[in-house]
Structure formats: structure tokens, C-alpha cells
Amino acid sequence: MIKRVLLACRGEIALRFIRTAQGLGIETIAVYDDEEKTAHFVMAATYRVQADIVHPFSSPDYLLAIAAEYHADAIAPGYGPLAENANFAKACADAGILFIGPNVSALRLVGNKIQARQLAISTGIPVIPGAAVTSLKEAQELATVIGYPILLKAANGGGGRGIRLAENHDMLERIWKEVERESFAAFGTADLYVERFLGYNIRHIEVQILADVTGNIIALGERGCSVQRRRQKMVEESPAPGIDEALRNVISESAVKFARAANYTSAGTVEFLVDSTGQYYFIEMNGRIQVEHPVTEAVTGIDIVEAMFAIAEGIPLSDDVLKAVIHGHAIEFRICAEDPFQEFLPTGGVVTACHFPYGPGIRIDTGISENQNQLILYDSLCLKLIVWGRNRNEAISRAKVALGELLIAGFPTNLPFHRWLIDYSPFFTGHYDLSLFSNYHPESPNETMQYDIAIAVALREYLSITELSENATTLPSFSNWRLMNDRRASYGG
């Protein structure tokens with residue numbers, strides 16, 4: 001039984017694991033640098049260790065040493081840099097420490113897109129035309145056969161990295177070395193493959209699965225992930241709009257079939273592309289918990305992190321999980337420290353004021369708070385706004401109110417994009433695909449954005465005065481980890 005877990009991650013996902021661990025009576029160890037000593041995840045952890053190296057979450061040996069010093073019997077990488085690192089998972093096993101994630105053999109398989117592709121083919125799951133290549137000449141010859149445009153991809157890539165588009169031989173030659181270098185720097189290998197580019201009038205659909213060590217595998221519905229910028233997801237929703245019941249079933253069945261063939265355990269996501277004719281194609285499996293997992297939690301009521309703890313301990317999936325059904329509709333908006341008026345360049349700085357919405361159907365997963373420094377060194381994600389409704393229209397209505405109330409002052413964020421999106425007709429009606437983002441053309445920061453900042457600062461000042469008043473009443477507290485509509489149980493304070 002897990003008694004103490006080291007968090008090999010930071011920010012909102014570390015806090016997310018802490019909340020569930022608290023409910024399970026599991027102690028937590030947070031690793032942080034000096035600039036994050038007052039961060040939510042640090043303050044909420046049972047034990048706190050200030051790192052004395054740069055990039056501690058990319059250093060397996062360093063984290064394992066801390067785990068040994070603090071007698072941790074498990075390590076949770078969340079979706080951090082080591083989450084899909086099979087060598088790290090094996091090192092944990094060799095040290096007698098449970099890895100809260102997939103088994104080593106499955107990680108090695110799904111982490112290599114070439115091997116994963118071959119497994120999909122062997123199980124009869126459709127894949128996009130393409131193949132592994134070992135030289136530029138071979139890549140150009142294959143591109144001639146399958147037809148331009150093509151995508152050149154890193155075999156061990158993930159998170160949108162190690163991917164470039166080529167429309168002809170010359171362009172392929174220009175990007176070849178670039179993708180090789182990025183692949184080796186990010187993933188430790190320069191193995192590449194070529195894949196036909198299907199265009200942007202397609203949808204990105206993924207299926208959340210849970211699999212235990214006894215062979216139980218369940219698909220917890222699909223998520224639509226077609227609001228993307230530079231192949232980075234910005235919004236996810238479940239159920240995915242534009243997917244009929246027949247296609248939904250066959251995609252879920254394919255996800256389970258693939259996971260079973262990979263002998264996969266833990267939480268994972270099998271990803272597909274769907275073209276305008278309804279033909280679907282396997283593209284990859286992410287061997288970790290996803291940023292967008294709260295969407296699935298909202299429509300199923302299942303705590304995916306709790307299930308991951310249980311699976312790591314060898315406990316079979318519960319009947320509640322195996323018999324889970326989808327209720328209502330949920331949408332997640334990633335609020336990032338990025339300037340939408342400067343081509344979404346990463347930003348950061350001190351959060352001078354903030355206000356988070358709350359109420360029926362609203363959940364906030366965040367790692368930021370007032371006076372905290374949003375570091376450019378790490379991921380730009382500030383928080384995730386998740387809304388749930390009895391149907392998609394209700395979810396969108398709640399999202400519009402929540403996005404209007406959500407305030408973060410101190411640096412630019414992508415909130416203006418999300419406020420544009422919620423009123424954009426193709427998104428509002430659910431008739432959108434990967435081409436959606438190309439229709440966003442911000443001209444300049446509008447007055448509403450300036451009013452938001454002014455309101456946030458005024459709110460901060462008001463709350464400061466209120467706290468000093470002898471007659472002030474305590475404002476109601478609320479958890480950053482809460483499921484929707486008062487019909488879901490809270491998994492921690």
C-alpha cells in the first residue's frame with residue numbers, strides 16, 4: 001500500500017495528485033525551486049524539498065535520491081518530463097519504488113510511434129499512409145509515393161514537438177536536419193518517420209482508457225481536441241461534437257483493442273484523426289495522464305488519479321469505473337501565460353491580482369495565486385477552467401459566464417482568445433475542425449481586457465481592506481479540485 005509519494009512534477013498537476021493523495025491518506029513530497037517556495041503545490045505537500053539543481057524534473061537520478069532519502073514508496077510524474085520515460089519507470093522499479101503510470105514494456109512500445117503504428121496495423125486499426133525513414137533520400141522517395149504534403153515526425157515525439165510540414169522535396173530537405181536535432185534534443189533519438197498530411201479539415205479525437213494488471217480495460221468516452229495552435233491543444237470537450245454513435249463506438253473499441261495488444265496498464269489516451277468522410281486513423285497513444293483528464297472526470301464522476309494509484313498497487317478497477325457511463329457535457333479551456341496579440345509568445349511575471357469563478361458546473365485546476373511568480377522557465381499553463389452542463393448548450397452558457405468572470409492580472413494571457421472562441425459560430429454549433437484557429441485574427445488589445453485588469457486590481461484592494469476590518473466576515477472557501485454541479489463527490493479539500 002502506498003504511504004508516501006514523491007511528485008516528479010509541479011504546478012497544477014502536482015496539486016491535482018496531492019488532492020487525491022490527501023483523500024487516500026497518502027503523504028506527499030514536493031520538489032521546488034526557490035521562486036516557487038510559496039506555490040500551491042508546495043504549500044499543500046506533506047514534505048517540501050528545495051531543489052539545488054536546475055530542471056530537477058528532468059533528472060531521474062536526482063529525484064530517485066530524494067525519494068530514497070524521504071522513504072517514498074511511489075513516484076508520480078503526472079504529465080511532467082519523465083512521465084513517458086521508460087528508463088525512469090524501470091529505474092523506479094529497480095529501486096523498489098512504484099511508478100504511478102504505465103508498465104515499462106508498454107511505455108517503451110507506445111513511446112515509439114513507429115512501433116505503435118506497426119502494432120495498430122497488426123490489430124487491424126486504420127493508420128495514415130507513411131513509414132519510418134532513415135535518410136533524407138528515403139524520405140523524399142516515400143513522399144513521392146504517398147504524395148505531398150507530408151509530415152516529418154520524431155518517432156519518440158510528443159506534445160506537438162518534433163513535427164514539421166513539407167509541401168515538396170526542397171522543403172523536406174530544409175526541415176530534415178531541424179527535426180533530427182529537435183528529436184535528439186527532446187527525446188534522445190533522431191529516429192524519424194514520414195506520414196501523409198491529411199490537411200486541416202479534420203478532427204482530432206482521443207479516447208481515455210484505464211487498464212489494470214488483471215486485464216480489465218475500459219474506455220471512458222472520447223474527447224474532441226480540435227481547437228489547436230501549432231499542434232498544441234487549447235480546448236477539449238467530451239463527448240466530442242460531430243461524432244455519431246456508430247463512429248464513437250468503433251473508435252472506443254479500437255482504443256481498447258490497441259491498449260490490450262500493448263499489454264498496457266494505468267491511465268492512457270489513444271489518439272485518432274477523423275476526416276470529413278468519417279474515416280478515422282490511429283496516430284499515437286500517450287502513455288500518461290493528460291492535461292485534459294478533468295473533462296472525462298466531469299462526465300463520468302471517476303477520479304482518474306485515484307484509479308492510477310490503485311492500479312499501481314495492483315488493485316483491479318472497481319465496478320464504479322468498469323460500469324461508468326457518460327452524463328452531460330464538459331469543456332476544458334487552457335488558460336496560459338501567452339500573449340494572443342503577439343502571436344501567443346510566452347509571457348510571465350508576478351500575478352498582481354486574480355479572481356476565479358465558481359458555482360454550479362465550474363471547476364478550476366490551478367497552480368497560481370496572487371503575488372506568485374509565473375515562471376517562463378516552465379510550461380505556460382496557468383490554470384484549467386472546466387465547465388459541465390446537462391448538455392453542450394448549458395456547458396457553453398456556463399463557460400461564457402465563467403470566462404467573463406475569470407481574471408488574471410500582471411501579464412498577458414490567452415483569455416481574449418477563449419472569449420472570442422465561445423462566441424465563434426463554428427465552435428458554438430460544434431461544427432469545427434483543426435482549421436478553426438486559422439480564423440482567429442486579433443488586431444489589438446481591446447478595452448474589455450483593460451477593464452478586466454482594473455477590476456482585478458480593485459478586487460484585490462477591496463479584499464485587503466475587508467480583511468483589515470474588525471467586522472469583516474470570512475469569505476466562503478472553495479476547493480480548486482471540485483467536480484461539477486454538486487452531484488459529484490469532492491476528492492480532497
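**Before you start**

You are looking at a predicted model, where local features need pLDDT of at least 70, side-chain atom pairs count only at pLDDT 80 or more, and totals for chains, interfaces and linings use all residues. Residues are numbered from 1 along each chain as its sequence is written, and side-chain values use heavy atoms, with hydrogens and water left out.

**Stop 1: the cores**

Select Val 227, Phe 333 and Phe 427: these residues have the most contacts inside the largest nonpolar core, which has 36 residues. A nonpolar core is a set of buried Ala, Val, Leu, Ile, Met, Phe, Trp, Tyr and Cys residues joined through side-chain atoms within 4.5 Å. Buried means under 20% relative accessible area, exposed over 50%, and partly exposed in between (1.4 Å probe, protein chains only).

Now colour helix 13 (392-405), helix 14 (415-423) and strand 22 (381-389), which are among the elements that each supply at least two residues of this core. Helices (H or I, at least four residues) and strands (E, at least two) are DSSP runs, numbered from the N terminus. Which helix gives the most to this core? Helix 13 does, with five residues.

Next, select Val 5, Ile 218, Ile 302 and Val 321, which belong to a second, separate core of 34 residues. In soluble globular proteins, nonpolar side chains tend to be buried together.

**Stop 2: the salt bridges**

The structure holds 29 salt bridges, each a side-chain nitrogen of Lys or Arg within 4 Å of a carboxyl oxygen of Asp or Glu.

Show Glu 297 and Arg 16, whose closest N and O atoms are 2.6 Å apart.

Move on to Glu 338 and Arg 229, a salt bridge at 2.9 Å between the closest N and O atoms. Glu 338 is in strand 16 and Arg 229 in strand 11, 109 residues apart.

Finally, select Arg 363 and Asp 365, whose salt bridge has its closest N and O atoms 2.8 Å apart.
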